[in-house]
Amino acid sequence: MIWRLRDEADVYAARREARALARSQGFGSRESAEICIAVSELAWNIVKFAGRGELEVRPVESPTHGRGLEIVASDAGPPLHDLRFALEDGCDDRGPLSPESLFGRRGIGGGLGAVRRFTDELSYDATPAGKRFVAVRWQRRPR
Amino acid sequence: MSRDGSPAPVIDEDAFDRIAQILIVLSDVGGGDLSVRLPRDLPEAHPFGALFVAVNEMVESLQLEKERSAAYQRELEDKLATIDKQRAAIRELSTPVMEVWDGVLCLPVVGVIDTARSSEMTEALLRAVVAKNVACTIIDITGIEVMDTRTADHFIRMAKAVRLLGARCLLTGINPGIAQTIVHMGVDLAGIETHRTLRDALQHYVGIADDDGKRA
């Protein structure tokens, strides 16, 4: 499944359908909600920071981890300034967010942290043409 | 005399006038004025008669088309405005802050909570606490199955912020999974008051308020 994201409504459509896809792939209710949150966070980042982009969720399979879902989020926006900061809770890609900057931001600097916690693999790459996150959530979680 | 030396075709004065009329109308049309028309008083046998009628018909249909597309555009703009309004309404509905009792606000949290929604909720609740001058708020998360640690942390902070604003904050409807998430984060839960259900919290609070004789 692939979604073109431009605004809030697209984020909600993508996460709702991704949740249903997770259910249909054999993920439990709780696991599907976790996948839904991961998709939501990646989709929000695209709409908030790049304006538009694309998100794809597809079933994958591995001999060790069984079935899984791969989430690919790509956009043509500017690359992350520093991935380590971006993954850190309470930070954007440049560093810690001050508490007062949170008001009206529609976020708390925890989106990628949530993606990392709710998925088992997360990779990021940036090219001059844009950036891309690939996250995988397995039914038999590795750790 | 034309360039190749053959004699120029003779055009009478009337024909010149007619051509000038056509050119004026076409230039007006080109400039966007579609209300102009050529005179309709030519005799039927006049050599320019058919041309005049054809030009008028063309301008007429252009004008119709333009009006139609303007109406369509207005309709489209109306629809876009409606969508914007509905979107705002949905956002508001997703963070409903209700006054369930005199001075008691309730924030029922349902659906899937990501960081964007948790931050919208905090703001809506804190604004409402101040604007409505409330004494107590109840955050009910019965409808939440999963919460990321960062989001749970944010909710605990929201409860503390409510206390800073001078109101009590009760958390209700925490499910076992989220309870585990919260204790594993190791946050300080001092001053966080929880109840099993929204009903318990309301009974408890309203009971206390009655005892104080402050609220009915």
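**Exercise 1.** Determine how many cavities of 30 Å³ or more there are, and state which residues line the largest cavity and of what class they are.

*Solution.* Step 1: a cavity is a set of points, on a 1 Å grid over the protein atoms alone, where a 1.4 Å probe fits but cannot get out; lining residues have an atom within 4 Å of a point. Grid points are joined across faces, edges and corners, and the volume is the space filled by probe spheres set on the points. The count under this rule is one cavity of 30 Å³ or more.
Step 1: the volume of the largest cavity is about 40 Å³.
Step 2: its lining consists of Ile141(B), Met147(B), Ala152(B), Phe155(B), Ile156(B), Leu171(B), Ile174(B) and Ile182(B). Helix 4 (residues 149-164) of chain B contributes most to this lining, with three residues; helices (H or I, at least four residues) and strands (E, at least two) are DSSP runs, numbered from the N terminus.

The model is predicted, so local features need pLDDT of at least 70 and side-chain atom pairs pLDDT 80 or more, whereas totals for chains, interfaces and linings use all residues. Residues are numbered from 1 along each chain as its sequence is written, chains are lettered from A and ligands numbered from 1 in the order in which they are written, and side-chain values use heavy atoms, leaving out hydrogens and water.

**Exercise 2.** Find the aromatic pairs and classify their geometry.

*Solution.* Step 1: rings of Phe, Tyr and Trp (its six-membered ring) pair if their centres lie within 6.5 Å; planes under 30 degrees apart are stacked, over 60 edge-to-face, and the rest tilted. Over all chains there are two aromatic pairs.
Step 1: Tyr124(A) and Phe133(A) form a tilted pair, because their ring centres are 4.9 Å apart and their planes stand at 40°. Tyr124(A) is partly exposed, since its relative accessibility is 22%, and Phe133(A) is buried at 7%. The terms follow relative accessible area: buried is under 20%, exposed over 50%, partly exposed in between (1.4 Å probe, protein chains only).
Step 2: Phe48(B) and Phe52(B) make an edge-to-face pair, with 6.5 Å between centres and 80° between planes. Both of these residues are buried.

**Exercise 3.** Is Thr172(B) buried or exposed, and which residues does Thr172(B) touch?

*Solution.* Step 1: Thr172(B) belongs to strand 4 (residues 168-172) of chain B.
Step 1: its relative accessible area is 0%, so Thr172(B) is buried.
Step 2: not counting residues up to four places away in sequence, its contacts (heavy atoms within 4.5 Å) include Ile138(B), Asp140(B), His195(B), Arg196(B) and Ala201(B).

**Exercise 4.** Locate Asn133(B) and describe its phi angle and exposure.

*Solution.* Step 1: Asn133(B) sits in the loop between helix 3 (115-131) and strand 3 (136-143) of chain B.
Step 1: its phi is near 55°, a positive value in a residue other than glycine.
Step 2: Asn133(B) counts as exposed, because its relative accessibility is 67%.

Notes
1 Å grid on protein atoms, 1.4 Å probe; cavity = no way out; pocket = protein on both sides within 12 Å on 5 of 7 lines; lining within 4 Å. Nonpolar A, V, L, I, M, F, W, Y, C, P; charged D, E, K, R; others polar.
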